[in-house]
Amino acid sequence: MKLQTGVEAGVEGAVLKADVRELDFYYGAFHALKRVSMPIHDHMVTSLIGPSGCGKSTLLRCFNRMHDLYPGNRYAGGGIVLYPDNTNLLSPDVDPIEVRMRISMVFQKPNPFPKSIFENVAYSLRVRGMRNRSELADRVEAALKGAALWNEVSNRLDELGANLSGGQQQRLCIARALASDPEIILFDEPTSALDPIATASIEELIIELKEKVTILIVTHNMQQAARISDFTAYMYLGEMVEFGVTDQIFIKPQKKATEDYITGRFG
Amino acid sequence: MTASTSAPPLSAAVGHGVSDRLSKKASRHVKERIIEALLFSAAAFSVFITLAIVYVLVKESWVFFETVPLSDFLFDTQWTPLFDDAHYGIMVLLSGTLTSSAVALLVAIPLGTIIALYLSEFAGFKVREIAKPFLELLGGVPTIVYGYFALTFLTPILQRIYPDLPGFNLLSAGLVMGIMIIPYVASLSEDAMRAVPMALREGSYAMGATRLQTALWVVTPAATSGIASAYILGISRAVGETMILAVAAGMQPNLTFNPTEPGATITSYIVQVALGDLPHGSIGYQTIFAAGLTLLLMTLAFNLLGYWLRKRYREVY
C-alpha cells in the first residue's frame, strides 16, 4: 500500500520527523508487526488506533527500542528512519540508550519512581550526568510548568511522587519525560488509568505540547484520537490498514475495515 | 405506623426454617469453626513456645541476679565465672560477639547485596536458574563444617599473610561466618528487588538510564524495606551463630574489639558451659541463662528495628 504522507497530502507545515519503513517485528515466533509503514510528522500529534493485540503498542515501543530489554524480541526487517539524522534507529549499530535520550515515553499506568517529586523530574537529567543544583532546579521547574503541574507542587517538591493523585502522577511522568528536551514523546494509552477530568487535562496538555515536541500516542479511545491528533493510523492484526489526516480517517476513511472499526461495527 | 399497612411484617410473609433449596447454614458453620480453631492453635502454639522460653530465661536469670548485682554484670571488665575470684562482666562476651559479627557483616552485606543486584538486574534467566540453587546450598552447609573450614583452611592462609595471628581468632571465624550469611542476605534482597514492578524499570530505561543506573537509582530504593529486612536477618544470624565461633575463635573470654585476637562470644560461652561438668544450680551454671537473656534481648532489638524499617520504607506500588 502506498501511503500518502502529510507532505504529499499538502498539509500545511508538515515536515517528516520519522518514517517507519516496511517494519517487521517478532516476539519469539510471533509475527507482531507485518511490513508496517507510516510517516511521523514533526510537531504534530499522530495517534495509533486499533483493537487489542493489533500491534499498536508494539510499534510504539519500537521507537525507543523498549523491545531490546527482553530476550526473544527481534526487529526482522525494515526500520524507522529518524530525521534530520536520516538514520535507522533500529539498526544494531545504534545505541538504544541514545535513542531513548532523544525519544522519551509516558506509560499507561503512572509509574513515578520511589523518589521526591523533584528527583522524579530530575531523573532524566541526572542520567545524563547533570550535577549543577541550580541548573537542575531550573530545568525541573520548566518541565513541571510544561506539564501544567508546577502550580500544584511548587511548595512540596520534596514529597514523594507517589503521594500525588493519579492524574497528577501522570503529569509528573510527562514532566519527567519533558525534562531532557526530547524530540519525540511516546504516549502508551496515557489516560486509560485516569478519571474523565484527569483525562481531559492530559489531552489538553498533549495538544499544548506539540509546540515543543513531536507526539506519538497509542489510544483505545477513538474520540480521544479524533480530539487530539493531527494524523491517525489504524492497525489491525499487525498490519497498517490506513494512515491519514485525522479528519479524513474519521469522516471519510478510504478502507471499509477502517470505517467498520470507527463506526463501532467491529472491534 | 403507615408503613405496616402497605407491607406485612417479614415473619408473616415468609416461613421460618429451611426450604428444599436453602439448606441450614449450621453444617458448614461448624466445619469452618473447627478449621479456624486448628489454625488458631497452630499460631498460638508458636506464641506459647516463645513465651515459655522467655519465662525460663527470666526465671533462671533471676536466680543469677540475686547473687550478682546487675551493675557488675553490665560494667565489670572480666568474665571469670569459674575462678575462685569470680567476675561476671558480660561486656567481655559481648565484645567477642560484636567483633565477630562486625567482621561477618562486612563480608556478607556488601557481597550479598552485589550478588542480589547481579542476579536480579543483570544475570540472564539461565545464569540465575543455575546460580541461585548453588547460592542457597551455601546456606545449607552445616555450621560445624564452616567452623573447621575456618580453623584448618582459612586461618593457615591468613597466618601466611599475618604471621602473628593466633591459631584461634575472631577474624577467621568472622570471615567464614560472613560467607555463611551471604546466601541469606543475597536471596532475600534479590526477592525484594525482583518484586519491584517492571513498570518502574521500564520508566527508568525509557529516560535513557543504563542498567546500572536503573539498578542503583530505581530498583534499590524501591526495594529498601525488603533489603533492610535481609540485612537484619543477616545480623541476627551473625549474633546468634555458635558453632563456627566455638570451633575457630578459641572460647577464651577476652575483652577486645581486635579481630586478630582469640575470643569467646555469648553463644560459644553457653555451649562451653552447657557441655561442661558444672553442677546444675551453681552460680556458674546460672550464668548461661543471664547470657542467653542478653542474646535474646539483642536479637529482639534487631527484630524490632527490622520491623520499624519495613514499615518506614514500605513501598506501595
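Within strand β9(A), which residue is the bridge partner of Ile49(A)?

Guide: Ile49(A) is partnered by Tyr234(A) in β9(A). Before we go on: this is a predicted model, where local features need pLDDT of at least 70, side-chain atom pairs count only at pLDDT 80 or more, and totals for chains, interfaces and linings use all residues. Residues are numbered from 1 along each chain as its sequence is written, while chains are lettered from A and ligands numbered from 1 in the order in which they are written.

Let's stay with Ile49(A)'s strand, β3, which covers residues 45-49 of chain A. (Strands are DSSP runs of E with at least two residues, helices are runs of H or I with at least four, and both are numbered from the N terminus.) β3(A) is mostly covered, with 5 of its 5 residues buried. Buried means that 20 or more other C-beta atoms lie within 10 Å of the residue's own; 12 or fewer makes it exposed, anything in between partly exposed, and the C-beta atoms are placed from the backbone. Look at β3(A) from either face and you find cover: Val45(A), Ser47(A) and Ile49(A) are buried on one side, Thr46(A) and Leu48(A) on the other.

β3(A) has β9(A) as a neighbour, joined to it by 4 bridges and running parallel. With β8(A), residues 214-218, there are also 4 bridges and a parallel run. There, Leu48(A) has Val218(A) as its bridge partner. Strands count as paired if DSSP finds at least two bridges between them.

Step back and you see an open sheet of 6 strands in chain A, in the order β6-β7-β8-β3-β9-β10, with mixed pairing. At the edges sit β6(A) and β10(A), the latter covering residues 239-245, and each pairs on one side only. From one strand to the next the twist averages 20°; the axes behind it are lines fitted to C-alpha atoms (for helices, over the stretch in contact), with angles from 0 to 180 degrees between N-to-C directions. An antiparallel part shows up where β9(A), residues 231-236, meets β10(A) through 6 bridges.

A few backbone details in chain A are worth a click. The peptide bond from Tyr83(A) to Pro84(A) is cis, with omega near 5°, and Pro84(A) is in the loop between β4 (73-82) and β5 (87-88). Glu22(A), which isn't a glycine, still has a positive phi, near 40°. Glu22(A) belongs to strand β1, residues 16-27, and is called partly exposed because 13 other C-beta atoms lie within 10 Å. Glu189(A) also has a positive phi, near 45°, and is placed in the loop between β7 (184-188) and α7 (196-209). Glu189(A) has 20 C-beta neighbours inside 10 Å, so it counts as buried.

Contact here means C-beta atoms, placed from the backbone, within 7 Å. The contact between the chains takes 20 residues from chain A and 16 from chain B. On chain A's side, the elements giving two or more residues are α2 (96-102), β6 (103-106) and α3 (117-127).

Chain B itself has 14 helices and 0 strands. Its C-alpha trace spans about 100 × 65 × 35 Å along the principal axes, and 39% of its 317 residues are buried. Take helix α14(B), residues 283-312: its 30 residues reach 43 Å from first C-alpha to last, close to the expected 44 Å (1.5 Å times one less than the number of residues). Its buried residues, including Phe289(B) and Leu293(B), pack against α3, α4, α5, α11 and α13 of chain B.

One last stop is Leu135(B), in helix α6(B), residues 125-140. With 20 other C-beta atoms within 10 Å, Leu135(B) is buried. Leaving out residues up to four places away in sequence, Leu135(B) touches Ile115(B), Pro183(B), Ala186(B) and Ser187(B).

How values were computed. Contact = placed C-beta atoms within 7 Å.
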